[in-house]
Amino acid sequence: MERPDFAQYPYLVAWELTNACLLACRHCRASAEPHPLPGELSTEEGLRLIEEVATYRPKPLLLLTGGDPLARPDLFLLIQRARELGVKVGLTPAATPLLTRETVFRLKEAGVTRLALSLDGARSETHDAFRGEEGTFARTLEALTWAKEAGLPTQVNTTVTRDTWPEIQALPDLLAEKGVVLWSLFFLVPVGRGALLRQLSAKQFEEALYWLYDVSKTYPFHVKTTEAHHFRRVVLQRRREERGKDRALAAGESLYQEYFQDGMEHSRLGVTDGNGFVFVSATGDVAPSGFLPVYAGNIREKPLLEIYRNSPLFQELRNKDLLKGKCGACEYRYVCGGSRARAWAETGDYLGSEPRCAYVPPAWRARAGRVSLARQG
């Protein structure tokens, strides 16, 4: 398959607008608190970042996240500036009292291209416990309805842990009812508060990814994964076997663009931490992703693009031939490459093998056979 070159420009820029959030989610990678961090980027610095991003070719997607972006007073000014410059904006607000019907309509008017809301369970008891605040489940469902009324496309983000997975399987009917365009499943990386939660095993990962592919064939919304890049391998394998139609955003084929009128297709071929994706923290630190908190610089000292193109960290992550273990021998490494964030969190080596992948590449199996023969000899 043709491999896009993300060495020059990122495909998606995520900016953590603030660390402030009224929720206390059990999995929060940012360990968000009610108040902003000291030294968060100012309005002027944020506008300069947006103006720089607008010069990239092609223009990347801009994801405004947090904390809770709604906790930032200049949010609408920032969104409007991005719209003026032709940058598509996705927003991930928290389901707090700040998220009202009026706010959703204002976001649409200001220029938000897609609203991403979180559901981590199919019942209020489960979701609210995970989010640390009663009423978040009901408010999220209301917000999905408001967005539909406003004509603002929505996606639902769901965090997958060993404890939440059984109930997550009851969500597809609800998502279809609410008219979401994309279900994005975030497979837990043990960072921030998430370090206290349990991940799926490698075998459970594989079973979950196979189930998600089946969902993509049955339901009207698209399905993608975050930090479970081996979904791309599963999708390619299943497509070869079945040659059927699906809505799994795993390889990022251009044919899927026609289904997204908002142009916010987030699953490009080969996009991984640091390769097509870049994360800017609330204080301007630049990392390959929010789940891989290894920093390569700060936009107060260097332009974002200079850090993305030239830092040794990003250059290493873009070179899939540097991957170690099974990932380095895998024939899918250019479209998958494994979660660099999970490798770092579990092994301390961001080039290490994906710890939660059950697949054994033929080249790795052959290498193991040669080693075994050599030891016998």
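Contact, as the word is used here, means that heavy atoms lie within 4.5 Å, and helices (H or I, at least four residues) and strands (E, at least two) are DSSP runs numbered from the N terminus. The model is predicted, so that local features need pLDDT of at least 70 and side-chain atom pairs count only at pLDDT 80 or more, while totals for chains, interfaces and linings use all residues. Residues are numbered from 1 along each chain as its sequence is written, and side-chain values use heavy atoms, with hydrogens and water left out.

In helix H1 (residues 43-53), the buried residues are Glu-45, Gly-46, Leu-47, Leu-49, Ile-50, Glu-52 and Val-53, where buried means under 20% relative accessible area, exposed over 50%, and partly exposed in between (1.4 Å probe, protein chains only). Among the elements that cover these buried residues of H1 are strand E1 (12-18), strand E2 (61-66), helix H2 (75-84), strand E9 (276-280) and helix H10 (304-310).

Strand E5 (residues 154-160) is mostly covered, with seven of its seven residues buried. In a regular strand the side chains alternate between the two faces of the sheet. On one side of E5 the buried residues are Thr-154, Val-156, Thr-158 and Val-160, and on the other they are Gln-155, Asn-157 and Thr-159. Thr-154, which belongs to E5, has a relative accessible area of 4% and is therefore buried. Leaving aside residues up to four places away in sequence, Thr-154 touches Arg-114, Leu-115, Leu-144, Ala-147, Gly-179, Val-180, Val-181 and Leu-182.

E5 pairs with two strands listed below, two strands being paired if DSSP finds at least two bridges between them.

Helix H8 (residues 202-218) and helix H9 (residues 231-242) have axes that come within 10 Å and cross at roughly 55 degrees, the axes being lines fitted to C-alpha atoms over the stretch in contact, with angles from 0 to 180 degrees between N-to-C directions. H8 and H9 are therefore oblique to each other, since angles under 35 degrees count as roughly parallel, over 145 as roughly antiparallel, 65 to 115 as roughly perpendicular and the rest as oblique. Residues of H8 that meet H9 include Leu-209, Tyr-213 and Lys-217, and those on the H9 side include Phe-231, Val-234 and Arg-238. By class, this contact of H8 with H9 has seven nonpolar, one polar and seven charged residues, with Ala, Val, Leu, Ile, Met, Phe, Trp, Tyr, Cys and Pro counted as nonpolar, Asp, Glu, Lys and Arg as charged, and the others, Gly among them, as polar.
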